[in-house]
Amino acid sequence: GALDYVVKSDATLAQMPRIAERALREWGHITERKQAEEALRESEERFRRIFADGPLGMGVVDERLGLMNVNATLCRMIGFSEQELLGRAVTDFLHPEDQNRDAHLAELLFNGTIPSFTVEQRFLKKNGETIWGRMTASTICDADGKVLYGLSMIEDITEGKRAEEALRASEANLAEAQRIAHLGSWDWHLTDNTLHWSDELYRIFGLDPEETAISFELFVDHIYPDDRAYVVEQMQTAVDERKALSSIEYRVVQPDGSIRTVRCEGVVSLNDIGRPVRLFGPLQDITERRRLEREILEISNREQRRIGQDLHDDLGQLLTGICFRVAELEDDLLKRNQPETTDAAEIGELVQEAIGQTRALARGLNPVSMESGGLRTALAMLARGIEQIYEIPCILTCPEPVLVNDTESAAHVYRIAQEALNNAIKHGKASRLEVSLLQLDTSITLTIRDNGVGIEIPDAQYEGMGLRNMRYRASMIHGSFDARRGEHGGTVVTCQFTTRTGQPEEEFSLPGE
């Protein structure tokens, strides 16, 4: 075109270069314009395809939010036809609670204060169903930057919202269940030494999750001082040996000084190369349960003491009276040289034996004061009583005084020994019993061995009343308990616990005495 212009012009040969240069410039401007127009057409075509066939619901709106154009996706999304949507405001299809919530954002958008905004709103479909949409609104401007229209793109997020609501409901139900069961959860990340608690766990420890940044060190600080070393040792052992944290019980101290008893378990999580990275599990507040169990145990102890007292005061006195009468009868028969004298003497001996057994039973049920020797003396009296009543050897091994300052702990140890010995006689049919009480530093071990028939089933399933009673008493003193078949037959019962340092107790009696 430029060449034709030059050839057809009447310009002189001298003017030809200038004319050609001007013609080329004009041709370049036309080319740029043509290219811009082509790019605009391509852009408009691309936008048209995106608008018409895109996965998002789209609509063009005026400043009154009236719909000027909509795509098929939006029609399908809310169930209205294009004719039913055009001319109506977007807010007409919003849930009543959402219609005016974001109106100020639309005003800011059309006056140019903000370039765009994104909100989540509920839309009402034609069939009355409510769906959730994430709407992003922006503007279409002219060359001078004047806002012409608004463009709304809406993504259906109903399924995601339902999943979120289900998750929140599940979390709320879990939180409520934890509150009812007094059961919290904890998660110790070993790599960065961070600790995470559920809300219920904060409540158990008497802390506010909004105000307290929990850490492992703070957790340890709220453990009862006498239990800290035990808890840390158990958790560290679980990590070092890459095994589950078995059920442990300990006390925690709330900020107001209240003491709660908790039971804790844990699982170790390993990474790809087998290194422990997490220790996590549940923790339950068992304070009230332990209180009720202690009350039940105290009732049992009181009943045992009452029965022991009755045996001593009533049956023992009655037998003593019978013994005197039999002795009088024997003297009378002897004076009259009657042959029944021998029978009376034998009856007197039987009554004396009954008195001895009654006293031994009374001491076992109601030891009263264990005198100056403490727990060792109490166990020695128990062993002698076993020998007197059942006429089988019961040997006590306790070479050194045992430092048990807590009389309640000593009472539990005594009752464990008593229960184990009675089980060995009644169920194990033992003919020989051994009791060992040994102390190494602050660790005390009680062991009862017998030569009876032994435990017939695995100890994990051996849940008779006597075994449960012994397990419970061991847990009350934060000790371990084990009952298993001995290497050479019979049964071996072991209770190991830690006592506070101090002097040996001068007197030991059962709680409440």
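**Notebook: surface, pocket and cavities**

I began with the accessible surface of the chain, which comes to about 29,700 Å² (Shrake-Rupley method, 1.4 Å probe), and carbon and sulfur atoms hold 52% of that surface. The model is predicted, so I note that local features need pLDDT of at least 70 and side-chain atom pairs 80 or more, while totals for chains, interfaces and linings use all residues. Residues are numbered from 1 along each chain as its sequence is written, and side-chain values use heavy atoms, without hydrogens and water.

I then looked up burial: 37% of the 513 residues count as buried, that is, under 20% relative accessible area with a 1.4 Å probe, protein chains only.

On a 1 Å grid over the protein atoms alone, a cavity is a set of points where a 1.4 Å probe fits but cannot get out; a pocket is an open set with protein on both sides within 12 Å along at least five of seven lines; lining residues have an atom within 4 Å of a point.

I found about 950 Å³ of space in the largest pocket. Its lining has 35 residues, and Asp227, Arg251, Ile477, His478 and Thr498 are the closest to its centre. Helix 9 gives the most to this lining, eight residues.

I found three cavities of 30 Å³ or more in the whole structure. The largest cavity holds about 200 Å³, and of its 20 lining residues Leu65, Val90, Ala106, Phe117 and Met135 are the closest to the centre. The second largest cavity has a volume of about 90 Å³, and its lining includes Val90, Phe93 and Phe123.

How values were computed
Points joined across faces, edges and corners; volume = space filled by probe spheres on them. Helix = DSSP H or I, 4+ residues; strand = E, 2+ residues; numbered from the N terminus. Buried < 20%, exposed > 50% of the residue type's maximum accessible area, 1.4 Å probe, protein only.
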